[in-house]
Amino acid sequence: MDDNLGMMDQMTSSACWAENTPYLTSLAWCMHIQCAESNISLSKFEAFWENQATGQSNAGQIGVPPKWSYAEALANVPSPPTIQLSPEATSLNDTSLVSPRVYQQQWNVLTSVQRETVLENTYGIAMLVTGFGTPIILTWLGYLPFFSTISRKLKPYLIWPSLVGNYQVRPLPFLLGNAPTVGQTLYVLMFLILNVVLTSVNFQSRQPNAWYSSTWREIMAYVLYRTGAFAYIIAPLIWLFGGRNNILLWATNWSRSMFLVLHRWVARIFTLQVLLHSIVSVILYKAEGTYDEEVKSSYWIWGIVATLCSVILTFGSGLYVRKFVYEFFLLQHIVLSAVLIVGCWYHAYDLYKFLGGYEDWMIAICAIWMFDRLGRVLRIVTAGPRRAKVRALNDEYIRIDISGIRWRSDPGKHVYVYFPTLHPLRPWENHPFSLLQTAQLQPTHTFTGSDSDSQTSIGRPVEHCDVEKNNAVQSAAKGLTRQTKPEIGLTLYARKSTGMTKNLASHNNLLTFVEGPYPNNSTRQVLCCDRLLLITGGIGITGTLPFANTHWNVKLAWSVKDSAQCLIKDLEGALSNIADKELKVGSRLNIEQLLKAEIDAGWERVGVVVCGPGALCDDTRAAVVAAGKLGKTEFEFEVEAYSW
């Protein structure tokens, strides 16, 4: 008996089946006898007859309707048939009985494959829902008093620490990548273990079997099916987590950087499933001696294309590639992702047509991808074409002013900026910038008033946290201030690097497109703290400065190199609005001492926001973790560092 992996071609035409009396009567009699004990209703018999008797309509095949209904075909069997087809029979000329051996073999394989199909879809969807739903559930639980308290206690142990020493924003040695945090690792381990377990359990063999001559071949075929199905089902998560317009950024308090980490790890698990699927298929086809024939089939070729794309995308997207040839990485990432979708589509279509619903997952991917791309275009169109003024602060730093854009001055936002005339052949190139309102950079001038009127809640912890009320306190405290006419627009600062920014020079009328704003992190928890400590290094001031205008009790600690003193000078107006600040030029901040001072001050909850070089962010993370474990003060911690 030859093995068959379930990819059977329909040799007899639907029209022939629809008009062939011996076939229709034999099928009707078989259904009547074999299903007698199952108490199946006539309507179900007729539904099967209409949809399956002359072709699989659920696979997208357009069949010719049978000339008789099930009841009519059964009525045309005048007496029980006596002719029994042999297992080797190739023709059907009379109403005949099916060989019990053949029937049992077909029953075993069809029920087993149906069982496996149900399991792989159930397990796959369970993984998809878990991957998608975990951020939502954990976010919502955080709003409940009991769980929020537990969460704050666990963060220094299970959420914030890096998995590998003091590396997180800084890349690992030899550009091996960025070490995940313990919290990110827990998610990845959960998803990986779920994949391994559900790929390995609950297989069942039924022999004798019409397709598989041994239990080993049958089980391996089911492994082949399951790994392929899992790859299709979890694939939408890759596109969702990688998108700028990821709906989970608004439905949860997880950061864009967090989802990019998960995007890479889910993609690696996807590639693992793809490789297992490919390896098992080679082993099985070689075992049955049909490998040389199958590799010429279109479904196999498209499968090779999809596998190669998965491997190249996974191993060709490492930090060593992104750091040195980012624009090349981005372009090949988009092109190979599109080829991967096409390969997966035709791999499934050439095998099963639309049976199994594999194409549905590709449609879901396309919908997610198009939603993200359309969202980007709409954001650019909404802002419209702008003209930016670029001013060099020195040989290393530049300031970019884009007038006329009116957005809320919420902290924790970033934008992507396009300068299409810098590279006319690559107008799609863009760069992320922290978002600063130009008006925020101007100093305020206070009216003369009584002391009682000018007091604020600084120094007193709040009992109830309400961001809107906090903003109201801020507005009330600044109600006694008056500014000169503010400039409306965005101001961006950049340090010239090897990328797009290296070509920026002084310009008074540079064509600019702005895409955004997008959230970096959820700011709710840090803004609900009694005290906000902003730790900044160099150009990172652009990520922390908006927080100073959104909280009533702020300390800014900013260190810059000697070459970056131009930033301090340019931001004098904004810095003058911050009463409690520590600026250092040419020396490092003592992060442990900064945190100790906040603890000694007796604050119950301190929010720490850090933005700057990777070493500063990682050192601050380690210091906050250590301080949080002391238990004297509760901390909230956010890193305003963009992850590529």
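**Reading a predicted model: why each label fits**

User: Where does Glu 429 lie?

Analyst: This is a predicted model. Glu 429 sits in the loop that links strand S3 (413-418) and strand S4 (430-434).

User: Why is Glu 429 called buried?

Analyst: Its relative accessibility is 4%. Buried means under 20%. Glu 429 therefore counts as buried.

User: What is Glu 429 in contact with, leaving aside its neighbours within four places in sequence?

Analyst: The partners are Glu 327, Val 417, Tyr 418, Phe 419, His 423 and Met 500. Contact here means heavy atoms within 4.5 Å.

User: How do you know whether Leu 504 is buried or exposed?

Analyst: Set its value against the cut-off. Leu 504 has a relative accessible area of 0%. The limit for buried is under 20%, so Leu 504 is buried. Leu 504 belongs to the loop between strand S7 (489-495) and strand S8 (507-519).

User: Which residues does Leu 504 touch, leaving aside neighbours within four places in sequence?

Analyst: Leu 504 is in contact with Ile 398, Ile 400, Phe 419, Leu 422, Lys 496 and Leu 510. Ala 392 is 112 residues away from Leu 504 in sequence, yet their C-alpha atoms are 8.7 Å apart in space.

User: What makes S3 and S4 a pair of strands?

Analyst: Pairing needs at least two bridges. S3 and S4 have five bridges and run antiparallel. Val 415 stands opposite Phe 433 in S4.

User: How many bridges join S3 to S8?

Analyst: Five, again in the antiparallel sense. Lys 413 has Pro 519 in S8 as its bridge partner. Strand S1 (residues 386-392) also pairs with S8, antiparallel, over four bridges. There, Ala 388 stands opposite Leu 510 in S8.

User: In what order do the six strands of the open sheet run?

Analyst: The order is S4-S3-S8-S1-S2-S7, with antiparallel pairing.

User: Why do S4 and S7 stand at the edges?

Analyst: Each has a single partner strand, so one side of each is left without a neighbour in the sheet. From one strand to the next, the twist averages 35°.

User: What holds paired strands of a sheet together?

Analyst: Strands of a sheet pair through backbone hydrogen bonds.

User: Why are helix H5 (residues 100-141) and helix H7 (residues 182-200) called roughly antiparallel?

Analyst: They pack at an angle of about 175°, with axes 10 Å apart. Angles over 145 degrees count as roughly antiparallel. H5 is therefore roughly antiparallel to H7.

User: Which residues meet in that contact of H5 with H7?

Analyst: From H5 come Tyr 123, Met 127, Thr 130, Gly 131, Thr 134 and Pro 135. From H7 come Tyr 187, Met 190, Phe 191, Leu 194, Asn 195 and Leu 198. Eight residues of the contact are nonpolar, four are polar and none is charged.

User: How do you know that the buried residues of helix H22 (residues 591-600) lie on the same side?

Analyst: The buried residues are Ile 591, Leu 594, Leu 595, Glu 598 and Ile 599. They cover an arc of only 135° around the axis, which puts them on the same side of H22. The face turned away from that side carries the exposed residues Glu 592 and Asp 600.

User: What covers the buried residues of H22?

Analyst: The cover includes strand S9 (531-537), strand S10 (554-560) and helix H23 (614-630).

User: Which residue just after H22 takes a positive phi?

Analyst: Gly 602, with a phi of about 90°.

Methods
Residues are numbered from 1 along each chain as its sequence is written. This is a predicted model: local features need pLDDT of at least 70, side-chain atom pairs count only at pLDDT 80 or more; totals for chains, interfaces and linings use all residues. Side-chain values use heavy atoms; hydrogens and water are left out. Helices (H or I, at least four residues) and strands (E, at least two) are DSSP runs, numbered from the N terminus. Buried means under 20% relative accessible area, exposed over 50%, partly exposed in between (1.4 Å probe, protein chains only). The arc is that of the directions from the helix axis to the C-beta atoms. Axes are lines fitted to C-alpha atoms, for helices over the stretch in contact, and angles run from 0 to 180 degrees between N-to-C directions. Angles under 35 degrees count as roughly parallel, over 145 as roughly antiparallel, 65 to 115 as roughly perpendicular and the rest as oblique. Ala, Val, Leu, Ile, Met, Phe, Trp, Tyr, Cys and Pro count as nonpolar, Asp, Glu, Lys and Arg as charged, and the others, Gly among them, as polar.
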